[in-house]
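Trainee: Before we open the model, could you show me how to read its features one after another, giving the general idea and then the case at hand?

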Amino acid sequence: MSSRPRPRLLLVGGGGGFVGRALVRELAVDHSIRSLHRHASTEERSAGVEWVETDLGGKVDWDQRLRDVDAVVNVAWYRSGSEARFRVLYEGLERMLAASVRAGVARLIQVSVPEAPDSLETTLPYLVYKRRFDHSVERSGLSYAVLRPSALFGVGDKLLGVMMRSIHRYPFFPMFGDGACTLSPIAVTDLARVVREALDSSESGRYDLGGPIVYRYSELTDAMFAALGKRPRYWRLSARGSLRLASLLEAVGSSLLYRYEVEWLLSGRLGLPPAALRGRGLERLEPYLRAVAMELRGDRSPAGAAPPTLR
Ligand SMILES: NC(=O)c1ccc[n+]([C@@H]2O[C@H](COP(=O)([O-])OP(=O)(O)OC[C@H]3O[C@@H](n4cnc5c(N)ncnc54)[C@H](OP(=O)(O)O)[C@@H]3O)[C@@H](O)[C@H]2O)c1
């Protein structure tokens with residue numbers, strides 16, 4: 001009787017969102033996945049993922065959730081919220097980490113964010129608690145990788161796709177400062193491949209991950225106008241005016257863009273060098289922009305086929 005080794009069991013924390021969906025597509029083919037988050041996902045169900053409804057900040061029987069788990073991947077975080085909201089989730093993640101140490105999991109991957117300006121690192125609950133958890137992972141004694149991708153692109157992203165929709169919809173697009181700050185977006189599918197490689201590695205460390213090209217912000221927005229077949233038309237704002245605009249959007253309850261995101265962007269710290277990946281190279285942004293543009297314009301290809309599928 002053949003006894004094939006069982007697939008590696010991954011516990012994924014917070015995999016219900018944009019990155020989580022990419023992880024399922026990349027990893028469900030040859031891993032068992034136990035996914036912990038609050039809202040059911042059809043994608044996970046159809047990929048045969050074991051979803052256990054869990055608020056990671058709440059009371060969780062971690063010893064049970066971690067039973068037979070070989071590796072943990074954490075992607076849970078919020079994009080905005082109060083100090084208490086971040087603290088509660090952070091405290092829950094600390095309990096998950098302590099239980100992972102007790103259970104002796106072989107590997108822990110934490111998806112984090114690149115360095116931000118000091119003013120944000122030291123005061124913004126989003127970053128203060130994120131860093132506390134990153135540091136706890138680094139000091140845990142587990143074999144780990146802390147992955148810090150630049151802005152991610154892919155279906156359902158919250159930056160580039162949103163910018164494309166705004167450019168499509170409105171006659172002018174805001175140009176933040178002189179447009180010289182740098183940004184190197186990386187595909188969410190590439191981040192998922194990095195996670196796979198990090199799971200297979202035994203090296204511990206912190207990795208900043210950029211996409212294949214470091215753009216000036218204005219080059220990026222020009223490329224978006226070009227993909228949409230429009231002439232670039234900007235509403236030019238000083239750095240301070242850009243921050244004021246973001247504050248105003250926040251004040252009226254919009255989640256389009258947060259003030260801290262503009263400050264981070266203007267700092268140029270999102271222009272990270274390309275991530276190192278084995279095998280095929282990193283995905284370029286332009287095909288994604290073209291696919292989004294076709295979708296927004298409802299275009300068909302000349303042969304009448306549907307636009308390229310966005311993954
Ligand atoms: N998006 C980017 O451009 C980007 C760039 C760099 C780094 N990152 C990092 O990548 C990670 C994932 O980002 P994302 O864009 O995928 O965010 P997302 O779409 O908002 O997904 C985050 C997921 O975390 C889960 N979650 C949040 N609070 C939870 C809680 N208390 N208990 C259980 N699950 C919880 C949510 O699932 P439920 O609602 O089902 O609970 C949500 O679907 C984050 O750590 C983020 O900082 C993202």
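**Domains, sheet and ligand shell**

Mentor: The centres of domain 1 and domain 2, taken over C-alpha atoms, are separated by 27 Å. The domain assignment gives domain 1 as 8-142 and domain 2 as 153-184 + 212-295, such bounds coming from an automatic or database domain assignment. This is a predicted model, in which local features need pLDDT of at least 70 and side-chain atom pairs count only at pLDDT 80 or more, while totals for chains, interfaces and linings use all residues. Residues are numbered from 1 along each chain as its sequence is written.

Trainee: How many residues does the contact take from domain 1 and from domain 2?

Mentor: Two residues are in contact if their C-beta atoms, placed from the backbone, lie within 7 Å. Here the contact takes eleven residues from domain 1 and 13 residues from domain 2. On the side of domain 1 that touches domain 2, the residues divide into eight nonpolar, one polar and two charged, where Ala, Val, Leu, Ile, Met, Phe, Trp, Tyr, Cys and Pro count as nonpolar, Asp, Glu, Lys and Arg as charged, and the others, Gly among them, as polar.

Trainee: What is the order of the strands in the open sheet?

Mentor: Strands (E, at least two residues) and helices (H or I, at least four) are DSSP runs, numbered from the N terminus, and two strands pair if DSSP finds at least two bridges between them. The seven strands of this open sheet follow the order β3-β2-β1-β4-β5-β6-β11, with parallel pairing. Because β3 (50-53) and β11 (205-209) stand at the edges with a single partner strand each, one side of each is left without a neighbour in the sheet. On average, neighbouring strands of this sheet are turned by 20° against each other, direction ignored.

Trainee: Which helix packs on the sheet, and which strands does it touch?

Mentor: Helix α8 (residues 188-200) packs there, touching β4, β5, β6 (144-149) and β11, and its direction makes about 165° with that of β6; axes are lines fitted to C-alpha atoms, for helices over the stretch in contact, and angles run from 0 to 180 degrees between N-to-C directions.

Trainee: Why is β6 described as largely enclosed?

Mentor: A residue is buried if 20 or more other C-beta atoms lie within 10 Å of its own, exposed if 12 or fewer, and partly exposed in between, with C-beta atoms placed from the backbone. Five of the six residues of β6 are buried, so β6 is largely enclosed by the rest of the structure. Four bridges join β5 to β6, with A145 as the bridge partner of I109, and five bridges join β6 to β11, where A145 stands opposite G205.

Trainee: What is the phi of D68, and is D68 buried or exposed?

Mentor: Most residues other than glycine have a negative phi. Phi of D68 is near 70°, a positive value in a residue other than glycine. D68 lies in the loop between α3 (62-65) and β4, and counts as exposed, with 10 C-beta neighbours inside 10 Å.

Trainee: Which residues come nearest to the ligand?

Mentor: A residue is near a molecule if its C-beta atom, placed from the backbone, lies within 6 Å of it. Of the 27 residues around the ligand, G14, G16, G17, R38 and W77 come nearest. The shell divides into 14 nonpolar, eight polar and five charged residues, and its largest share, three residues, comes from helix α1 (residues 18-27). Domain 1 and domain 2 each supply at least three residues of the shell.
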